[in-house]
Amino acid sequence: MAALSNEAEAVAEVVAAIRSIYDIARPNSERVELNKKIEEFKDVADPNIVFRVAEMIVTSKDYEETVYHAGWQFLEHLIKFKWVSIDDVLRKRIQEVCMSVCFNVSGQALHLNMSLKTAISRCFVGIMQHEWPQNLSVFGGLQGFLKMCHEDLHGQVEIIFLVVRRLLENVISMISITSAARRRDLSMTLNQVMPTFLAETLNRLAYDMDSSKNINCSTIIAKAALDFIRDLLECGPSKWFLESLEKLVDIMCLFLKHPDGKVATLATRCLETLISRKKSEDEEEIVKTFLRDASMHAILENTSLAIESSKNNPDSYEYLKAICDLLVNLGAKVSRVFEENREPQNFVLYLAAISAFFEHPSTHIKSEATKALTALLSNEILRNREDFVHIVMTRSIPVLKYVFRHSFGLGETVHDNPFDDHDYDDDTDTNIARNQLRHGLIPLVRSFTCDKRFSLQINELVRIWMEECFNVQEEDVPRECDALNRFLRVVVAQDSDADLIAFYSNLFASLVTELHNIPKTTAMNKRLIVNLSFLSALIPTMTIQVAPMFLAEIGNTLQIAYENKKTSFIKRQALTLLLRMVKSVPNEVLLQIADQILELTTHAMPHISAIQQAQLLQVTASLSNLIPCMATRIQFLSNAVTPITAFFASDTVVKAVQSLEAFMAFSGFRTPGVSCDPNESDDEFVRNRVNIRSFLTALEGLLQNVQKSEGQPNPLFGLIQPIIPVIFGLSRCVRNLYRPEAVQLLHPSFARDVFAVSKMEKEQIYSYVLETMENEKQQEEEDSQSQKGVEGDCSSQARSYCVMMNLHVQTIIGYFAQKLQNEFFLLENCKEMIESTVEDLAMIPDFRLRSWFKKTWKPIFHTCPYELRHIAGPSFAVLVEYTRNLMENRWNMISATKENTDTPPTDEDTFLEHMTCALQREFVQMMKEILMKNDTLNFWLDDRAFCDSTMLTLLNLVQNDDSVCFHKCSQLLLKIVKDKYSSHLYACDQESAVFILQCALKAYHLNGKDETMEISLLSLLVEVYGTYRPKYECLKLLLGEAVGACPNTMDAFDARLLLGPAATMAADRVKRNIMRELLHGVVKPSMAMLHKRKAELRQQPALPSTPKIVAEQDLSAVADLFGSG
């Protein structure tokens, strides 16, 4: 094609090639080859021939739209990549073709699809970026055409707005123009022409709305104009629209009534964009413009219409969402602007509109209304207005219950909800949205509860809601009670007045009386569960007068005879309530009823399961904290601890933890598996698993709840000291379950993957890395993993058992260090026990290693005293070195997978990358918490060898493509460089300095494009270079090679950073800016930028700057001084 000289022949061949490329019947390989030839023709052929081919295509009426589109792409290629090299004659011909095709059409519209119009607009914008405003006057013609053209020419008007929008995007919002000089010229000119162009656009909209005879054509023009206005309001300065502000708002309000729902939605989005602009000096003026009579009445009138019509019309629902977003942003601005004692106009109308949204069944609408009301309640001036109080009491609080229930997926508006089906892709997204709604409601409930004007109404709402809960279907009881309990806990947690406290104390007493009247049988499980659930939420309000009766009823509930799983659930509820009582009731109350609590625990023990017995011991542990005398505390705790120590000191357990084979035999993994309910099974090995888990739960609960008095040892230490080595032996057996020989020892009745990562654990890793779940919720699911498989087959129960055994031993060993502290580290065999946790690191799978970091090693190394650092130090060094090697190995595997483009990544490859990211983030978090306290490095880094190993590990981690990991360790890394390697103690040699700088440069290359990472990276580079460069000249050469800078440039950089004002000033920001300028080309570009061809803009003479108006100096004083007389 490049050799063709005959224009007609070239056009024919190009058109044939284009049609073949879009012919799906042709082989793909042939279409690819033809595409390459087209690209070669555009690049290599004579630009005049390319232009003639493009001109003959775009001016013809004989081709289909795909061919026209290709013709405009030819022109765009010439404009973008050849404009600088072609002559003025060809440039002028290209401009003439573009203008003639669009505007010399004798009153006929361009009936083109949007992709073709976009291609045409790109050509216009390309020319303007080269020539405007120095050599091209465009906006005058565009404004004149926009003002005078007939509405039938809607296609041309669309192109005008597309041109202006793309120009705004390239110059202001996306800043895709690389030439600073051209960007400055274009920006200055836009500042001059935009106010006038906006005014003409508003005039055109007003004219079409009032005088249009062709509704379809005017609708097309309105959509294009509104898209432009929204872009202008989003990215332009306020001076572009302030002169037309009232007119702009009035016309947008006029278009809220447009018969086309999409146009009305666009107009609403324009208003929303205007009101949600960042805080500025013009904020109050904008808010007042919205609160005028005409504006508010228009918005409210259309709000009512949208609510009514949205039930059956998706377009109307989108319109309603737009209005809702507008009012929410307006509320936020009103609450901020009217902070002083001033009266916002039409505030009552605004409140009425926001309150109406609470009753809408959409989760999104409810959430937005909640945000607006919360913002208004934060303003003391507004919340004290009588009209505000009236609206809240009559419109908001009455529906609060239904909104809160909706956030739990309850109520008649939740099921088969078409609005939520429209907004969210699946049930997961819907549940996330409802969780967000619930979190938004909590501060709202708090505000209502703390205000006496609303508290009585809240109390009545609670009373009615509680009565309704007793009447719901049994399957709905857990969720319904959970919803009200969450509500009650928010209410009870407030520092309320005496009347409110008395109300909930009386409510608690009435529930205790009702509990007394309920027969204690499994058949009454529904009423028992509802009652216990509410008592748990209200337990902080319990008074000493009600306590004896309450404890008696809890004791009777725990003694219900076992019938089925419902019995266990009732007892679990009662135990949870009892535990919550001892943790939330004041100590002075607990002291008065301590004897009755102990009596209750003693009588209940024979009637509950082993796991429940272990949980009940936590009550004893909490009560022990009330005893001031250490000897008495020890004696008191010994009754609870003796069964635990007896079990772990028994020959059966001691033998079981001697080897992996013995432990698997003890746990029943070497005999045929049994599928049963553990509470009902008589199987020896099932009982072994239940017993060891129950005693581990008891020991964990005691360690967690027994508090250590200041200056005294932990009272548990002497009681549990004999079994501490047994627990460490048990932890070794649990880790060894992941050795290859464990699967060989496993009985064939169990699945081969019983010790492997489960599906739920994989989902937790994905969620952790993607940060889509709340940390508390994720941790709760992780820790309760075992409950999912209890009722399944033997493999599910075995998998659950392994998960919980890991969590138990990890947590208990961490508690040994955290709760026993010095007593633990002074044990004769402490060093050997700690070393045992890192002796088989290679056997621990990655998905288990993460929890070992968090639950075991972090408490050990964080609480180890300075004088005993030799006990834990060697193990810490081993752990750091192993993690460094592990991460290096994992990232090499990930890189090999990514480089192998022949084979797509498997699910295992994807999980490996996510698991690696999660693991290194957990490791870095552990190191940060251990090594830093109050922005100060602790004693671990005083050891030079350990400090070097830690530094090497962190530097290796920051070179990986994980910006979140770097964000976690940047502060630690910078602190080590500043406090350790910059000091005379850790004199850094040249090789180490070079390595540190290389790692920092690689980290900047990978993550410098992330704005949140950039400051930390630049600070690290400035610190490294500023510290070591004066000693080692090679660092300047290394940095120069990295950025491709010449020696003169590096000399100038050195002079600015090390010798100039920046070197002596404490302006870190100045130093970072100097480093940023040098490293501009070092940042790794995005995938799109890697394949993007660079385009050079034509250089133009600079526009003169707008002269600043300087006030004339007052020289009268000088005249008086030298005047005569």
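Begin by selecting Gly-71, which lies in helix α4, a helix that covers residues 65-82. The model on the screen is a predicted one. Is Gly-71 buried or exposed? Gly-71 is buried, because its relative accessible area is 0%, and buried here means under 20%. Next, display the residues around this glycine. Leaving out residues up to four places away in sequence, Gly-71 touches Ala-54, Ile-57 and Val-58. Then select Thr-59 as well: Thr-59 and Gly-71 are 12 residues apart in sequence, and their C-alpha atoms are 9.5 Å apart in space.

Proceed to helices α6 and α8. Select residues 114-131 for α6 and residues 154-173 for α8. How are two packed helices described? They are described by the angle between their axes and the distance between those axes. For α6 and α8, the angle is about 55° and the axes are 8 Å apart. The arrangement of α6 is therefore oblique to α8. The crossing in which α6 passes α8 is right-handed.

Now show the side chains where these two helices meet. On the α6 side, the residues in the contact include Met-114, Ile-120, Phe-124, Val-125 and Met-128. On the α8 side, they include Ile-159, Leu-162, Val-163 and Leu-167. Colour the contact by residue class: it has 9 nonpolar, 5 polar and 4 charged residues.

Move on to Ser-244, in the loop between α10 (215-235) and α11 (245-255). Ser-244 counts as buried, because its relative accessibility is 12%. Apart from its neighbours within four places in sequence, Ser-244 is in contact with Ala-199 and Leu-202.

The next stop concerns cysteines. How many disulfides does the structure hold? The structure holds 0 disulfides. Select Cys-830 and Cys-864 to examine one case. The closest cysteine sulfur to that of Cys-830 is in Cys-864, at 7.8 Å, so the two are too far apart for a bond; a disulfide needs sulfur atoms within 2.5 Å. Cys-830 is also buried, with a relative accessible area of 0%. Select Cys-217 as well: this cysteine is buried, with a relative accessible area of 9%.

Finally, display the whole protein chain. It has 55 helices and 2 strands. Of its 1125 residues, 53% count as buried.

Notes
Residues numbered from 1 in each chain as written. Predicted model: local features only at pLDDT ≥ 70, side-chain atom pairs only at ≥ 80, totals over all residues. Heavy atoms only, no water. Axes fitted to C-alpha atoms, helices over the stretch in contact; angles between N-to-C directions. Helix = DSSP H or I, 4+ residues; strand = E, 2+ residues; numbered from the N terminus. Parallel < 35°, antiparallel > 145°, perpendicular 65-115°, else oblique. Left-handed = near helix turned anticlockwise from the far one by under 90°. Contact = heavy atoms within 4.5 Å. Nonpolar A, V, L, I, M, F, W, Y, C, P; charged D, E, K, R; others polar. Buried < 20%, exposed > 50% of the residue type's maximum accessible area, 1.4 Å probe, protein only.
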